[in-house]
2 protein chains.
Amino acid sequence: MFTNEEKQAIYKVIFSRRDVRTFLPNPVDESAVKRILEAAHHAPSVGFMQPWNFILINENDLKQKLAWAADKERRALAIHYEDDERSSAFLKLKIEGLKEAPLSICVTSDPSRGGSHVLGRNSIPETDMMSTACAIQNMWLASCAEGLAMGWVSFYKKTDIRDILGIPHHVDPVALISIGYTDLYPKEPILETAKWRRRKELDQLVYYNKWGES
Amino acid sequence: MFTNEEKQAIYKVIFSRRDVRTFLPNPVDESAVKRILEAAHHAPSVGFMQPWNFILINENDLKQKLAWAADKERRALAIHYEDDERSSAFLKLKIEGLKEAPLSICVTSDPSRGGSHVLGRNSIPETDMMSTACAIQNMWLASCAEGLAMGWVSFYKKTDIRDILGIPHHVDPVALISIGYTDLYPKEPILETAKWRRRKELDQLVYYNKWGES
């Protein structure tokens with residue numbers, strides 16, 4: 001059972017957690033990292049397959065290579081965005097974050113973990129990746145609680161990340177995470193502050209008994 | 001900033017949250033459901049696309065139909081499991097949960113939300129579904145904090161669920177969630193208690209700078 005104070009703390013972290021892109025160089029407390037990874041590892045997973053791995057990266061050379069892979073993708077995306085300055089600027093910020101943050105974590109998802117017939121994964125194969133996403137959300141909440149900032153980069157070619165970090169071909173590098181301290185923890189989502197997109201009204205996303213019925 | 005008490009509450013919910021399959025018939029407090037959905041809606045999403053919708057189902061007829069769809073899939077899976085009694089029994093429990101729980105929520109993910117070139121989704125299309133998974137994890141933590149039990153069913157044919165709930169073809173029903181009170185909140189994952197699979201050692205899942213280096 002949870003007390004009112006405990007409930008409030010839980011909602012506080014859920015509502016205040018933000019995607020951060022600016023980091024201070026100070027190294028991250030190792031015991032905090034350990035707790036953040038324990039939080040990730042206690043996420044739910046389909047058939048209890050625990051498909052995740054965490055590659056902790058602090059070597060500068062590797063961080064530069066990861067930033068290069070993301071920047072290459074940003075430049076390719078700029079062509080699709082037809083050089084929309086705004087999109088490119090946002091993605092650039094994320095690349096700076098990757099270089100600045102004292103710790104990067106590549107989170108991977110292994111679809112073969114637990115054998116060929118994982119209970120529940122047989123029907124919806126994406127559940128392995130969704131399990132890993134639950135682990136990442138736990139990391140995010142734990143980081144926020146620890147006073148640490150976290151950013152998630154998801155633009156890169158997976159093959160580049162596999163090459164840089166020596167990840168086997170069948171394993172999916174689903175996220176590049178930056179973790180560090182910040183003096184700029186946003187109150188609202190950055191994309192909202194930048195009037196990129198607004199938070200939708202929850203009421204309009206909730207239906208009753210059938211799609212579209214409110 | 002978070003106090004030590006707040007941090008402890010956050011880790012408490014992360015570590016004690018469980019997948020539940022047995023529910024009491026008591027109706028769920030509506031204000032708690034509202035808070036759980038707000039928690040979901042405050043998950044991160046790639047390009048702030050907020051791809052989720054929530055269909056709240058309390059009509060008995062619809063719940064029976066959803067349970068039928070899941071049971072059909074369970075029987076099909078039993079053939080692949082070559083009638084492994086244990087797998088089938090676990091999945092049956094989940095179907096009972098779907099019928100018993102006073103509230104079912106179908107969580108969907110709309111890959112077209114936010115247009116064709118969502119920032120960050122261009123490179124890894126699965127990020128829409130991963131965003132929705134983060135929302136589900138928030139629901140799970142909020143439910144646990146509210147003293148409510150939650151179960152996630154992921155075995156069904158998506159087309160069956162679309163037919164039953166009138167969901168458009170391009171929208172993915174990624175989870176059938178059961179929510180209710182329980183007198184049996186497990187201390188450990190059910191699949192662990194049943195000696196199905198053990199929790200892995202975290203140390204063995206963490207690498208340093210390169211895959212495989214510990």
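Predicted model: local features only at pLDDT ≥ 70, side-chain atom pairs only at ≥ 80, totals over all residues.
**View 1. Strand 1 of chain B is enclosed.** Strand 1 (residues 52-57) of chain B has six of six residues buried, so the rest of the structure largely encloses it. Buried means under 20% relative accessible area with a 1.4 Å probe, counting protein chains only; strands are DSSP runs (E) of at least two residues. In a regular strand the side chains alternate between the two faces of the sheet. Here B:Trp52, B:Phe54 and B:Leu56 lie on one side, and B:Asn53, B:Ile55 and B:Ile57 on the other.

**View 2. Strand 1 of chain B pairs with two strands.** Pairing requires at least two DSSP bridges between strands. Strand 5 (residues 206-208) of chain A runs parallel to strand 1 of chain B, joined by three bridges. A:Val206 stands opposite B:Phe54, and A:Tyr207 is the bridge partner of B:Ile55. Strand 2 (residues 103-109) of chain B pairs with strand 1 in the antiparallel sense over six bridges, with B:Val107 as the partner of B:Phe54.

**View 3. Salt bridges link chain A and chain B.** Six salt bridges are counted between the chains. Such a bridge places a side-chain nitrogen of Lys or Arg within 4 Å of a carboxyl oxygen of Asp or Glu. One of them joins A:Lys158 to B:Glu126, with the closest N and O atoms 2.6 Å apart.

**Notes.** Residues are numbered from 1 along each chain as its sequence is written, and chains are lettered from A in the order in which they are written. Local features need pLDDT of at least 70, and side-chain atom pairs count only at pLDDT 80 or more, while side-chain values use heavy atoms, leaving out hydrogens and water.

Key. Buried < 20%, exposed > 50% of the residue type's maximum accessible area, 1.4 Å probe, protein only. Helix = DSSP H or I, 4+ residues; strand = E, 2+ residues; numbered from the N terminus.
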